[in-house]
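Look at the model first, then read the points below.

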Amino acid sequence: MATQDIIARSATTTPSPSVRQTDEVAKLIDTTVCIGCKACQVACSEWNDLRDEVGDNVGVYDNPTDLTADSWTVMRFDEHETSEGDLEWLIRKDGCMHCEDPGCLKACPSPGAIVKYDNGIVDFDQDKCIGCGYCITGCPFDVPRISQKDNKAYKCTLCSDRVSVGLEPACVKTCPTGAIVFGTKDDMKEHANWRIQDLKGRGYENAGLYDPPGVGGTHVMYVLHHADKPQLYSDLPRDPAISPLVGAWKGVAKPLAMLAMAATAAAGFFHYIRIGPNRVSKEDEAAVEQDSAQAGSNSPEAGGKSDEQ
Amino acid sequence: MNSNQNQDLQRYNANERSNHWAVALLFVMAALSGLALFHPALFWMTNLFGGGPWTRILHPFIGVAMMLFFLGLAFRFAGRNRFKAHDRQWLSQWRDMISNREENLPRIGKYNAGQKLLFWVLVVSMLALLFSGIVIWREYFSGFFGIGVIRFASLLHAVAAFVLISSIIVHIYAAIWVKGSVGAMTSGKVSRAWARKHHALWYDEVRKNQR
Ligand code: HEM
Ligand code: SF4
């Protein structure tokens with residue numbers, strides 16, 4: 001995407017180019033339609049030329065079992081028993097949520113290593129990444145992963161390379177059931193509304209859209225059967241937000257600490273200018289000579305002994 | 001008259017001085033490399049360490065090395081930094097100190113109450129930096145800790161570094177302000193008049209031991 005389209009940049013205190021306005025995009029993942037086939041996982045590794053290590057089957061369908069620097073999206077499977085005793089298989093495609101207010105970008109110390117485009121996509125520029133892992137600390141969804149190979153952080157790009165030339169993300173392109181759709185955020189909300197009406201008509205009265213306001217909304221949204229209990233879907237956070245600890249650390253603490261350190265140094269400087277150095281005086285020197293003369297003659301000085309050991 | 005009586009007094013021996021400057025140099029490197037990652041305005045300082053990734057790699061090792069030397073220094077100086085009854089009085093008269101009216105203050109030993117306070121603030125903030133630094137050391141250790149602990153440690157590390165750096169600014173200024181102090185850590189010696197004026201009880205003690 002053009003540099004003109006970068007509207008937020010990590011570790012940058014001045015505004016990023018913000019004259020151009022393009023539509024915000026979003027990917028909508030309908031968990032109620034997903035069959036867990038993992039075609040999207042494959043499409044992701046194909047398009048991005050990623051080949052994760054082949055792992056072991058751990059007895060459930062989750063494979064790989066977690067996001068890695070080479071697996072930017074994974075399907076998470078949860079078996080949920082409803083109050084009526086029915087079994088539901090809740091399958092969630094996990095990956096970067098592309099927050100409107102990204103915690104990774106807030107925490108990252110390297111200028112421009114994390115950028116947000118004006119269409120809402122949050123992208124990492126590995127060339128500028130220093131590998132500190134602050135993005136992991138800042139992320140409310142536990143998404144970024146640092147590669148063992150190169151110590152750079154990786155995550156879903158929402159196929160920013162494809163989107164910038166008018167294509168939809170690889171996972172969307174490949175999904176055989178239409179569970180993943182992509183478009184402007186407004187269109188996706190409308191699409192979700194229609195899906196939610198349908199679900200409610202079929203008895204899922206808590207069906208709803210997951211677009212959490214705590215992070216300003218996300219550019220990856222879910223349609224959930226149980227929008228009142230997102231935790232059912234492999235611990236999807238109920239009300240995600242940038243942690244107040246991270247907010248303090250990479251928010252107020254930065255300017256305050258800088259100001260206070262500068263003020264301390266300035267206080268020293270002006271103390272020297274106004275009050276001046278603390279020097280040994282002529283009288284002090286005379287007193288020392290007197291002490292020495294006394295000690296040289298006879299009596300041991302009456303100075304008393306130090307209270308120190 | 002004993003010729004000894006006019007010579008400068010030994011305040012720090014060669015080992016103490018080397019230890020102090022090892023800590024000081026490593027502190028400057030730890031502080032510059034850490035601050036480079038703290039505020040965007042200081043990110044350029046990563047160039048002093050060979051770029052961003054090198055700064056990230058080196059900083060924790062520099063920090064640990066500084067800690068090891070600091071432990072040595074702390075053990076050497078802890079005994080002399082225990083608070084005594086007269087320290088409270090001294091602290092309550094801090095205005096006399098900063099106004100260069102030292103003669104109004106109680107006679108004190110090798111360290112004044114301000115120096116003792118600094119010593120213990122350094123001990124606490126260094127320990128906080130060590131423990132929090134290990135938690136946020138992504139390459140080797142962060143995997144052992146939960147996200148809440150890592151977030152807390154990140155904030156703690158920044159706060160402790162701020163306290164430490166501010167304290168050291170005060171420490172350096174004090175050395176510039178109180179003339180004759182720097183020699184104590186370079187040649188190891190201070191003049192008798194300096195000792196008598198600033199650390200009267202220590203002055204008495206050293207003279208007594210000389211005879
Ligand atoms: C005692 C051993 C220390 C350890 C193990 C340690 C470790 C770390 C680590 C792992 C980081 C994250 C960046 C990176 O991976 O390089 C960091 C950041 C930092 N360190 Fe240390 N450090 C130590 C001592 C110090 C000292 C002595 C200072 C200050 C004088 C300091 C100041 C900082 C600062 C200002 C940051 C940036 C924090 C931020 O981004 O908010 N550290 N340290
Ligand atoms: S690991 Fe890279 S992207 Fe993540 S916060 Fe550090 S510099 Fe930024």
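A salt bridge here is a side-chain nitrogen of Lys or Arg within 4 Å of a carboxyl oxygen of Asp or Glu. By that rule, one salt bridge crosses the interface of domain 1 of chain B and domain 2 of chain B. This is a predicted model: local features need pLDDT of at least 70, side-chain atom pairs count only at pLDDT 80 or more, and totals for chains, interfaces and linings use all residues. Residues are numbered from 1 along each chain as its sequence is written, chains are lettered from A in the order in which they are written, and side-chain values use heavy atoms, without hydrogens and water.

**Layout**
- Chain B splits into domain 1 (11–77) and domain 2 (89–211), with bounds from an automatic or database domain assignment.
- Domain 1 of chain B gives 19 residues to the contact and domain 2 of chain B gives 28 (heavy atoms within 4.5 Å).
- The C-alpha centres of the two domains of chain B are 16 Å apart.

**Buried area**
- About 2,100 Å² is buried between the two domains of chain B, 73% of it from carbon and sulfur atoms.
- Buried area is the accessible area (1.4 Å probe) that two parts lose on being put together, summed over both.

- B:Arg56 and B:Glu139 form a salt bridge through their side chains, at 3.1 Å from N to O.
- On the side of domain 1 of chain B that touches domain 2 of chain B, H2(B) gives the largest share, ten residues (helices are DSSP runs of H or I, at least four residues, numbered from the N terminus).

How values were computed: Helices (H or I, at least four residues) and strands (E, at least two) are DSSP runs, numbered from the N terminus.
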